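Student: I would like to learn how to read a predicted model slowly and carefully. Could you take me through one, feature by feature?

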Amino acid sequence: MTTNAGSVTTPKEKMRATLKHRYAAEKRFQAYGIAAILIALAMLVTLFVTIIGNGFTAFQQYTVHLDVTLYPQDIDPDGTGDPEVLSKANYQSAVNDAMYALFPEATDRQARRAVRELISPGANYVIRDMVMDDPSLVGQRISVRVPLASEYDQVLKGNVDPVVDFTAFKEGSTSVDWSLSPEERLISEKQADYLQQLIRQGEVEASFNRWFFTNGDSRQPELAGIWGAAVGSMFTLMVTLALSFPIGVSAAVYLEEFAPKNRLTDIIEVNINNLAAVPSIVFGLLGLAVFLQFFGMPRSAPLVGGLVLTLMTLPTIIIASRAALKSVPPSIREAALGVGASKLQCIFHHVLPLAMPGMLTGTIIGMAQALGETAPLLMIGMVAFVVDIPGSPLDPATVMPVQIYLWSDSPERAFTERTSAAIMCLLGFLILMNAAAVLLRKRFERRW
Amino acid sequence: MDTILVIVAIVLLAAAGFVMGRRRAVVRSGGVSRSLHSLPNYHGHFVALWSAVPALILLVLWLPLEPTLAMNAALDYFQQHIAEANNLETIRQSKLALLLGLSPDQTTIRLEDLAADQFGLLQTEIRNMAAGGASTGHAAFMQEVADVYSGYRETSYILMFVVCLALAGAGAGFAWTRIAPEMRARNHVERAITWFMILCSTVAILTTVGIVLSLLFEAMRFFAQIPVTDFIFGLHWSPQTAIREDQVGSTGAFGAVPLFAGTILISLIAMCVAVPVGLFSAIYMAEYADNRVRAVVKPILEILAGIPTVVYGFFAALTVAPFFRGVGESIGLDVSSESALAAGMVMGIMIIPFVSSLSDDVITAVPQSMREGSYGLGATKSETITRVILPAALPGVVGGILLAVSRAIGETMIVVMAAGLGANLTANPLEAVTTVTVQIVTLLVGDQEFDSPKTLAAFALGLVLFLMTLCLNIIALHVVRKYREQYE
Amino acid sequence: MTHLRNDPEQQHEYPETTAGKPTVDGDAKVAARGANVFYGAKQAIKEVSLDIAPNEVTSFIGPSGCGKSTFLRALNRMNDIIDICRVTGDIRLDGEDIYDRKVDVVQLRARVGMVFQKPNPFPKSIFENVAYGPRIHGLVAHKDELDEIVHTSLERAGLLGEVKDRLETPGTGLSGGQQQRLCIARAIAVSPEVILMDEPCSALDPIATAKIEELIDELRGNYTIVIVTHSMQQAARVSQRTAFFHLGNLVEMGDTETIFTNPEHKLTQGYITGRFG
């Protein structure tokens with residue numbers, strides 16, 4: 001019964017001959033699949049390890065303990081207590097004096113300068129903020145911790161040359177491990193000596209980096225924080241949510257439940273699918289040309305950012321909401337219409353509540369996208385250097401991803417550290433949002 | 001100005017209208033709610049809508065108009081009362097001279113002669129001073145202008161407040177008189193809601209129209225200065241030098257070919273990473289992995305899709321690029337620290353989940369009967385996949401890859417942070433190239449003058465980018481949809 | 001007799017006769033002894049023992065969900081592709097246990113081919129559909145041989161005359177009956193010894209069905225054929241032996257004529273006379 005009568009071997013034998021080869025091919029193919037997954041996972045792990053490895057030290061900051069005497073004649077000579085006066089007063093000399101007190105032997109200009117540079121150039125702002133909060137401090141001798149200048153902070157964290165072991169230093173070790181030539185060093189030998197002296201006096205301590213979580217941007221890495229960007233992100237997302245959710249859901253309800261099948265709705269449908277795949281930077285160009293130029297809205301404002309992100313997330317929300325509406329079985333609608341509800345009543349009373357978890361899930365995912373979006377916001381000027389924490393959606397602000405972008409451009413090693421830390425915070429928020437979406441889906445998942 | 005106060009007032013009025021409308025409906029029905037056509041609540045909503053909607057529309061129209069009118073009045077005042085000959089000397093000595101670009105021999109100031117940016121600066125200054133900003137270095141009379149401006153705004157605000165509330169009240173009153181048992185309040189309310197929903201649906205279309213019009217409009221202005229052919233076929237891109245030499249048209253510095261080439265090179269590298277990895281992991285997930293593995297690995301891979309692109313950009317610049325550079329050095333190759341390879345590879349990683357989830361969808365959409373037919377003949381799994389499933393799924397996979405390409409072309413942050421700025425026409429992945437998106441960002445971030453070809457070029461590039469991705473998307477979505485229909 | 005349908009938990013008296021006892025006189029091509037099939041915890045086939053004689057058509061009949069298709073798929077281990085499916089007991093092909101660890105599934109399926117309920121040609125040309133099996137199994141060295149196999153198989157499947165001018169057109173473009181014959185040709189092309197057919201005519205119109213039945217009768221000379229069918233008329237028309245399944249049990253097996261005219265078991269009688277099923 002062989003089909004190829006002329007040949008010597010039977011099909012069975014032929015099959016057996018190729019079998020080994022075929023199974024080898026099968027194994028190889030499967031190995032490709034596993035390799036592909038492993039590559040993807042390895043990339044993910046590398047990314048996380050890099051970010052966390054670079055960033056976790058940013059949550060700590062070496063600080064110097066200072067006893068600062070705030071002489072009223074320097075700060076508020078008339079004793080007005082007026083915030084205007086207090087905010088413009090000179091705190092630098094008080095800080096300098098406190099530093100000189102720690103190094104009595106440093107008397108010449110050069111030495112004093114080196115001593116001053118040990119602490120953050122922004123230390124006076126730390127004092128100022130304390131005084132602004134509590135004007136009664138004027139005239140007192142206060143004990144504060146101010147951040148160490150970022151170069152020294154990085155040295156102690158072991159992020160840059162030379163390698164200085166804080167604990168060994170504290171115990172009196174003098175060995176500084178220089179691996180770079182003097183020109184390339186971040187701090188000089190003399191400065192290392194001062195640092196060591198300061199540590200041995202017990203004035204330096206590693207503490208939680210609260211500035212990172214409470215400050216806005218700053219030119220001084222040790223005082224730069226993400227709070228300003230976080231608030232900016234919050235305002236932007238609030239605007240986005242307030243606009244995109246009602247608009248998205250309404251559009252989805254109309255398209256899914258009311259829209260007649262005609263050319264126009266076809267166009268809208270194709271249009272929404274296409275919009276979902278338009279590069280985000282194009283939305284930025286739209287925002288720049290229409291919102292800023294045509295309508296004259298303010299640059300750098302979370303309001304405009306929110307508008308642009310609304311247009312960007314709308315397709316996501318509409319598509320998810322329509323899917324959620326589709327999954328509500330027609331029997332529910334028939335039941336409601338059958339007892340004489342109007343179409344809108346049927347939808348608002350029955351269909352929408354059932355579809356709501358799906359819509360909310362889609363909205364959260366859209367919001368998560370919006371939170372991580374950078375490019376369109378660059379176009380509408382949210383890249384400004386913003387020190388102040390924005391107080392309303394109309395104030396100039398930046399957002400977390402843009403802050404990350406800005407910091408990543410800064411050459412200082414301390415900013416690299418802070419970039420990674422900011423990324424960790426951003427990813428934390430994203431994980432929370434996605435977890436909320438997953439929970440929502442699990443909690444309300446319904447099978448018909 | 002506290003617009004919010006106006007909005008709150010309108011909303012409060014509408015709420016009051018709701019309560020009153022409801023009560024009137026109940027009263028008119030004589031307490032027998034069956035005699036009403038619509039439930040009392042609908043009557044309430046009817047009144048509330050009539051009160052809030054016209055007032056809010058008026059508010060929305062008023063808001064952008066108001067500052068413009070006030071500014072015109074202030075500028076008028078400036079022209080009439082300040083820009084007089086006897087003030088000229090004072091102006092010349094103040095910061096205003098700089099602002100107005102006053103030349104020493106000028107004897108009159110005519111606002112309409114001012115250049116656009118100076119005019120803008122003057123307006124900003126007036127606005128700042130009206131908002132209570134310090135009037136440093138200005139002649140005192142600038143304060144007068146600012147006062148005129150803020151005076152107008154104040155009057156306008158009060159006027160707006162009164163008119164809006166009056167309109168809200170009138171609307172509510174009108175609706176209130178119409179309430180009667182037989183009035184079809186529900187139908188009116190529902191019609192209003194339906195119109196609102198239709199309005200929302202058109203937002204998507206308006207967005208597209210907005211994109212197309214704004215890009216086209218600005219790009220036309222660009223092409224009025226630079227010939228289209230120079231832009232599309234020119235080999236030399238250096239907008240910065242063109243500005244400095246002030247001879248834009250002739251230098252051909254806006255030749256976008258290097259940008260297109262760079263974009264394609266980086267996208268190609270990205271695809272070389274994303275397609276094999278994404279496709280093979282999708283195949284493994286769909287055909288080999290058991291449920292437990294799938295339940296763990298799939299969400300982990302999807303994390304890659306949720307990571308913001310700025311993070312990838314940082315990763316590329318901080319880790320991957322130096323790594324390639326180091327490897328290159330150790331084998332004697334000169335790798336740029338902004339190599340296309342690093343940017344492309346990281347972009348590829350970003351796109352992996354995109355390719356894999358789309359491929360997963362199309363692979364699982366191939367009917368089980370195809371697999372059975374093949375297994376029934378004694379085919380191994382890999383033979384079934386490569387010879388039956390993949391050929392059957394090919395259109396879908398291709399559609400997915402096209403969508404991925406469109407995403408790679410439009411990706412911005414990774415290339416902004418990890419690719420180069422210099423337009424370099426090369427196919428060598430170890431060198432730095434620049435892309436369309438990088439140039440858009442560089443041209444538009446920072447101080448811009450809106451009429452310079454440098455800024456307008458960004459819109460021309462945006463137009464090209466939009467058209468490219470649009471074509472890819474339309475083709476891809478069409479292919480994928482046809483593919484799905486085939487198996488439904 | 002509605003209770004038979006509605007109450008699957010009800011205990012029926014199943015005859016002991018089939019268990020462990022050969023039902024064919026000579027050497028059986030396929031022999032099952034005490035075979036069980038489980039889907040997870042659910043037992044779909046219970047202690048089935050039967051023999052399938054060479055070069056005959058054996059038909060499996062029974063009400064929906066009785067396990068006849070499941071048992072058929074156990075004969076070439078198609079159930080392997082379902083994760084939760086488990087087979088115990090003993091099923092032999094030419095005396096060799098097909099569930100033995102040494103047995104190669106790929107080879108087994110080449111020896112025991114299968115035709116499915118819904119025609120499932122690959123989305124390729126007619127030629128490629130038939131050539132697929134010989135290609136993957138490495139049966140042919142050059143194009144001429146392949147051409148020959150494809151032509152012979154199409155010939156045997158009675159399709160060659162209808163398609164020989166358009167071998168390069170897609171197999172999915174054929175009519176339902178032609179598609180099913182293409183699937184049969186595809187199965188024949190790898191020279192199987194047994195062909196399993198899972199309700200091959202259920203998606204076809206009467207004329208196409210008649211053609212397939214004719215074909216099955218012709219193929220009997222060269223192949224052992226097992227066919228699952230819903231239609232008792234079809235079983236009576238094409239098969240020499242018939243097995244009747246009920247709720248995962250083999251109730252009765254014997255010559256088709258005996259089963260249809262003089263069944264031993266009252267369940268069989270009830271089914272063939274149309275009182276349930």
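Student: Which residue stands opposite C:Gly113 in β7(C)?

Tutor: Before the answer, please keep in mind that this is a predicted model, in which local features need pLDDT of at least 70, side-chain atom pairs count only at pLDDT 80 or more, and totals for chains, interfaces and linings use all residues. Residues are numbered from 1 along each chain as its sequence is written, while chains are lettered from A and ligands numbered from 1 in the order in which they are written. Strands (E, at least two residues) and helices (H or I, at least four) are DSSP runs numbered from the N terminus, and two strands pair if DSSP finds at least two bridges between them. Here the residue opposite C:Gly113 is C:Ile195 in β7(C), and β6(C) pairs with strand β7 (residues 194-198) of chain C in the parallel sense, over four bridges.

Student: Are the two faces of strand β6 (residues 112-115) of chain C covered or open?

Tutor: A residue is called buried if 20 or more other C-beta atoms, placed from the backbone, lie within 10 Å of its own, exposed if 12 or fewer do, and partly exposed in between. In β6 of chain C both faces are covered, with C:Val112 and C:Met114 buried on one side and C:Gly113 and C:Val115 buried on the other. Over chain C, 49% of the 277 residues count as buried.

Student: In what order do the strands of the open sheet in chain C lie?

Tutor: The six strands of this open sheet follow the order β6-β7-β8-β3-β9-β10, and their pairing is mixed. β6 and β10 (249-255) of chain C stand at the edges with a single partner strand each, so one side of each has no neighbour in the sheet. Elsewhere in the sheet, strand β3 (residues 57-61) of chain C runs parallel to strand β8 (residues 224-228) of chain C and is joined to β8 by four bridges, with C:Val57 opposite C:Ile225 in β8(C).

Student: What does the UniProt record say about chain C?

Tutor: An unreviewed UniProt entry places the annotation "domain: ABC transporter" on residues 30-272 of chain C; such positions are given in the numbering used here, feature names are shortened, and annotations may be inferred rather than shown by experiment. In the model that span is 37% helix and 26% strand, and its end C-alpha atoms lie 26 Å apart.

Student: How is chain A divided?

Tutor: Domain bounds come from an automatic or database domain assignment, and for chain A they give domain 1 (11-56), domain 2 (59-216) and domain 3 (227-444). The centres of domain 2 and domain 3 of chain A, taken over C-alpha atoms, are separated by 43 Å. Two residues are in contact if their C-beta atoms, placed from the backbone, lie within 7 Å, and by that rule eleven residues of domain 2 of chain A are in contact with twelve residues of domain 3 of chain A.

Student: How many residues of chain B are in contact with chain A?

Tutor: There are 68 residues of chain B in contact with 65 residues of chain A. Helix α7 (residues 185-225) of chain B gives the most to the side of chain B that touches chain A, namely 19 residues. That side divides into 45 nonpolar, 19 polar and four charged residues, where Ala, Val, Leu, Ile, Met, Phe, Trp, Tyr, Cys and Pro count as nonpolar, Asp, Glu, Lys and Arg as charged, and the others, Gly among them, as polar.
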